[in-house]
Amino acid sequence: MKRIRLAGLSTGLLLLCAGAFALTPGQTAPDFKGTDSNGKTESLAQFRGKYVVLEWANEGCPYEQKLYNSGTMESLQKQWTAKGVVWLSVLSSAPGQQGNVTPAEENDYLRKMKAAPTAAILDPSGTIGHLYSAKTTPHMFVIDPQGKIVYQGAIDDQPTPDPASLKVAKNYVSAALEESMAGKPVATPVTKSYGCSVKYGD
């Protein structure tokens with residue numbers, strides 16, 4: 001009787017955790033279109049056949065500053081785009097909110113930080129952010145060449161803005177890419193994202 005009750009409790013907890021995320025690994029990633037900081041239209045569909053990383057960004061967020069000021073995010077972008085991965089930064093901050101920038105401001109920031117995303121998509125209406133239920137900056141998604149989500153959640157296991165935490169951080173995005181590219185199941189496909197809340201207008 002105890003075993004049955006425990007099994008039922010475990011199943012219930014798993015369902016509760018799964019229900020906390022609008023999009024889960026194994027699902028097809030929703031297609032979207034958006035304009036990047038260079039005025040070019042980008043869509044997820046155009047990158048079918050490649051791995052894609054989505055990174056929700058806000059340069060004013062201390063958690064993002066930890067990653068960018070240390071060079072960690074830039075290194076990840078360069079490491080994985082060199083291997084053919086498409087890296088899309090998405091800025092869903094609404095007008096008047098922290099992190100909302102003009103295309104020129106975003107390009108200046110990318111040059112200053114020596115960042116190397118494939119593109120930085122401006123999403124001031126929050127359309128793409130809501131489509132993915134992006135909650136924090138950063139909030140990360142990894143999508144495989146078949147268009148399936150293989151990871152979503154935090155960038156690493158150190159939910160703090162303290163730069164010292166990076167010395168011991170396990171990077172979930174890199175782990176997901178390495179495992180998926182090797183044909184292995186992703187060991188940790190879902191985590192709880194951490195950071196500043198996405199500054200939606202609604």
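Cys61 and Cys196 are joined by a disulfide, with an S to S distance of 2.2 Å, where a disulfide is a pair of cysteine sulfur atoms within 2.5 Å. The model is predicted, so local features need pLDDT of at least 70 and side-chain atom pairs count only at pLDDT 80 or more, whereas totals for chains, interfaces and linings use all residues. Residues are numbered from 1 along each chain as its sequence is written, and side-chain values use heavy atoms, with hydrogens and water left out.

**Disulfide**

- The search of the whole structure finds 1 disulfide, and because the torsion about the S-S bond of Cys61 and Cys196 is about 90°, this disulfide is right-handed.
- Cys61 lies in the loop between β3 (52–56) and α2 (62–69) while Cys196 belongs to strand β9 (residues 196–197), so the pair ties together parts that are 135 residues apart in sequence; helices (H or I, at least four residues) and strands (E, at least two) are DSSP runs numbered from the N terminus.
- Cys61 is buried at 0% relative accessibility, and Cys196 is buried with a relative accessible area of 12%, where buried means under 20% relative accessible area, exposed over 50% and partly exposed in between (1.4 Å probe, protein chains only).

**Salt bridge**

- Arg111 forms a salt bridge with Asp108, and their closest N and O atoms are 2.5 Å apart; the term requires a side-chain nitrogen of Lys or Arg within 4 Å of a carboxyl oxygen of Asp or Glu.
- Both Arg111 and Asp108 lie in helix α4 (residues 103–113), 3 residues apart, which is about one turn of the helix.
- Arg111 counts as exposed at 57% relative accessibility, whereas Asp108 is partly exposed, with a relative accessible area of 45%.

**Buried side of helix α3**

- In helix α3 (residues 72–81), the buried residues are Met73, Glu74, Leu76, Gln77 and Trp80.
- These residues cover an arc of only 160° around the axis, which puts them on the same side of α3; the arc is that of the directions from the helix axis to the C-beta atoms.

**Largest cavity**

- The largest cavity is lined by residues including Ala57, Glu64, Tyr68, Ser89 and Tyr109; on a 1 Å grid over the protein atoms alone, a cavity is a set of points where a 1.4 Å probe fits but cannot get out, and lining residues have an atom within 4 Å of a point.
- α4 gives the most to the lining of the largest cavity, with 3 residues, while α2, β4 and α4 each supply at least two.

How values were computed: On a 1 Å grid over the protein atoms alone, a cavity is a set of points where a 1.4 Å probe fits but cannot get out, and a pocket is an open set with protein on both sides within 12 Å along at least five of seven lines; lining residues have an atom within 4 Å of a point.
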